[in-house]
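The sequence and the model come before the entries.

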Amino acid sequence: ENMTKSIVRDLEKLDVSDQHWLFPQLVLSLTRQPFWVIGKMACGLYRRMVKEEFPLSSKMLEQFLRSSKYARQRDLPYHEILEHIALIDGQPHTITAIHALENLFPFTDTEAASTALRAIADMQSLAIESSSNKVYCVDIGTLEHIAAAAARKPSADLTLLVWDVLELFGYEPTEAIYENTIQSFAMSYRQDSNCFEALAEMESKGFEPSRALIRSVSRSLRYSTNRADNAYYIVSGKNGSEPKFSVGALNMVLSACGELGDVDRAFATFDEFEVNGLKPNLDSYCFVLEALDVSTDPKYRQDDIPEGVVEANLEAAEYILSVMKEEGIELAGHALQEYVQLQLNAGDIDKALETVTNALEGNVEVRNKTLFNAAMACCDRKRFDDAKYLSSNLSEPWDFLDQRINKMAESAILFTIK
């Protein structure tokens with residue numbers, strides 16, 4: 001490091017023309033060193049050359065680009081080098097440019113990924129205009145990873161850039177790109193309309209939105225009732241756009257209502273299925289049951305539950321179950337979990353146990369969380385044998401649950417003795 005600093009001081013004493021020649025050579029030499037500290041100095045020298053407007057040719061910049069390594073991204077700002085080359089209409093070797101982009105994986109620096117991807121898109125556009133035989137082909141897997149990074153950030157601009165590149169290369173969007181696009185827009189500022197546009201196109205291509213995707217979007221929509229209302233207006237076309245009614249879109253709004261515990265909005269949204277000739281799926285019923293559950297669950301309320309609400313919600317749940325039965329949809333999984341929790345909220349432990357027992361005996365999917373919640377409710381009522389029965393039906397051993405049941409049973413016995 002000290003030697004490098006000494007060389008820099010010696011170069012600074014030379015004529016400007018000599019510096020223009022020797023500084024780039026020093027940078028290239030530093031990037032070949034095995035020590036990252038030295039490589040970091042190369043980055044500082046490159047930025048100095050850019051700041052002092054050194055006449056860097058496209059060939060010299062391409063040599064910088066060739067030094068790109070996955071584990072040494074701090075050596076040089078390779079995304080800026082790609083951008084510099086694109087600005088001067090340079091056309092580096094295709095493999096060199098693509099490798100520089102791929103070495104940015106996992107693209108956590110979305111600004112760097114955006115700069116590099118836009119530069120490569122500009123290079124490809126220039127190659128097309130100049131009838132060059134060079135093809136800067138970014139493969140679909142890389143674009144999926146960049147779209148995923150844009151969803152994690154989130155970055156709507158990077159997401160839109162991915163779609164520009166898809167169009168440039170004539171790619172068909174994959175299911176993963178649709179999902180990441182929807183998530184990115186859902187978490188970005190004022191992009192809900194684009195979110196549902198992407199969902200509508202995804203469904204038109206034959207892809208069905210998964211429960212995981214629906215929940216990830218609803219976690220953004222549940223931010224407030226106003227946000228959930230806005231989503232409903234977009235889906236229904238009441239914001240001036242074309243209606244986007246679909247099972248997936250309505251389920252996203254329903255899921256947000258469910259997490260908010262907004263029963264009225266949930267049923268109003270659920271009614272849209274019949275109005276628009278759509279058939280709700282198991283998730284649709286589950287989200288309505290969730291709204292009934294959350295609205296009566298003390299864990300989610302800061303005030304007292306009004307009198308009669310629990311009973312009314314139980315009646316509404318029975319209506320939902322009757323519709324499910326008519327449609328041939330089995331009460332299982334998440335829907336069963338919400339229904340059992342609603343019964344527990346009402347304090348009807350016997351009914352909840354009967355529901356779970358019937359499901360277990362009928363080989364219906366019973367989630368571990370359902371068994372856990374019911375087991376803990378049994379412990380609170382000192383029904384330890386029932387709690388142990390539920391624990392024994394878990395799909396995998398939960399030692400901490402068994403330990404807790406035994407400890408609470410022992411405490412109850414000691415209290416009785418005292």
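**Entry: Gln343.** Gln343 sits in helix H18, residues 333-345. Helices here are DSSP runs of H or I with at least four residues, numbered from the N terminus. Leaving out residues up to four places away in sequence, I find Gln343 touching Leu314, Asp348, Lys351, Ala352 and Thr355. Contact means heavy atoms within 4.5 Å.

**Entry: what I am reading.** I note that this is a predicted model, in which local features need pLDDT of at least 70 and side-chain atom pairs count only at pLDDT 80 or more, while totals for chains, interfaces and linings use all residues. Residues are numbered from 1 along each chain as its sequence is written, and side-chain values use heavy atoms, with hydrogens and water left out.

**Entry: Ala317.** Which residues does Ala317 contact, leaving aside its neighbours within four places in sequence? I list Leu289, Leu292, Tyr339 and Leu342. I also checked Glu290, which is 27 residues from Ala317 in sequence and 9.7 Å from Ala317 in space, C-alpha to C-alpha.

**Entry: helix H4.** In helix H4, residues 58-66, I find Met60, Leu61, Glu62, Phe64 and Leu65 buried. These buried residues pack against helix H2 (16-31), H3, H5 and helix H6 (94-102).

**Entry: H14 with H16.** Two packed helices are described by the angle between their axes and the distance between the axes. I looked up helix H14 (residues 247-260) and helix H16 (residues 282-294): their axes come within 7 Å and cross at roughly 15°. H14 is therefore roughly parallel to H16. The axes are lines fitted to C-alpha atoms, for helices over the stretch in contact, and angles run from 0 to 180 degrees between N-to-C directions. Angles under 35 degrees count as roughly parallel, over 145 as roughly antiparallel, 65 to 115 as roughly perpendicular and the rest as oblique. The crossing of H14 and H16 is left-handed, meaning that the near helix is turned anticlockwise from the far one by less than a right angle; clockwise would be right-handed. On the H14 side I note Val247, Asn251, Leu254, Ser255, Cys257, Gly258, Glu259 and Leu260, and on the H16 side Asp283, Ser284, Phe287, Val288, Glu290, Ala291 and Val294. By class, this contact of H14 with H16 has eight nonpolar, four polar and three charged residues. Ala, Val, Leu, Ile, Met, Phe, Trp, Tyr, Cys and Pro count as nonpolar, Asp, Glu, Lys and Arg as charged, and the others, Gly among them, as polar.

**Entry: H13 with H14.** What is the angle at which H13 and H14 pack? I read about 165°, with the axes 10 Å apart. That makes H13 roughly antiparallel to H14. The crossing of H13 and H14 is left-handed. Thr225, Ala228, Ala231, Tyr232 and Val235 of H13 meet Ala249, Leu250, Val253, Ala256 and Leu260 of H14. Sorted by class, the contact of H13 with H14 has nine nonpolar, one polar and no charged residues.

**Entry: salt bridges.** How many salt bridges does the rule give? The count comes to 17, where a salt bridge is a side-chain nitrogen of Lys or Arg within 4 Å of a carboxyl oxygen of Asp or Glu.

I looked at Glu80 and Arg47, whose closest N and O atoms are 3.0 Å apart in a salt bridge. Glu80 lies in helix H5 (residues 78-87) and Arg47 in helix H3 (residues 36-51), so the pair ties together parts 33 residues apart in sequence. Glu80 is partly exposed, at a relative accessible area of 27%, and Arg47 is partly exposed at 40%.

Lys244 forms a salt bridge with Glu197, with the closest N and O atoms 3.6 Å apart. Lys244 is in the loop between helix H13 (225-236) and H14, and Glu197 is in helix H11 (residues 192-204), 47 residues apart. I have Lys244 down as buried, at 8% relative accessibility, and Glu197 as partly exposed, at 40%.

Note on methods:
Helices (H or I, at least four residues) and strands (E, at least two) are DSSP runs, numbered from the N terminus. Buried means under 20% relative accessible area, exposed over 50%, partly exposed in between (1.4 Å probe, protein chains only).
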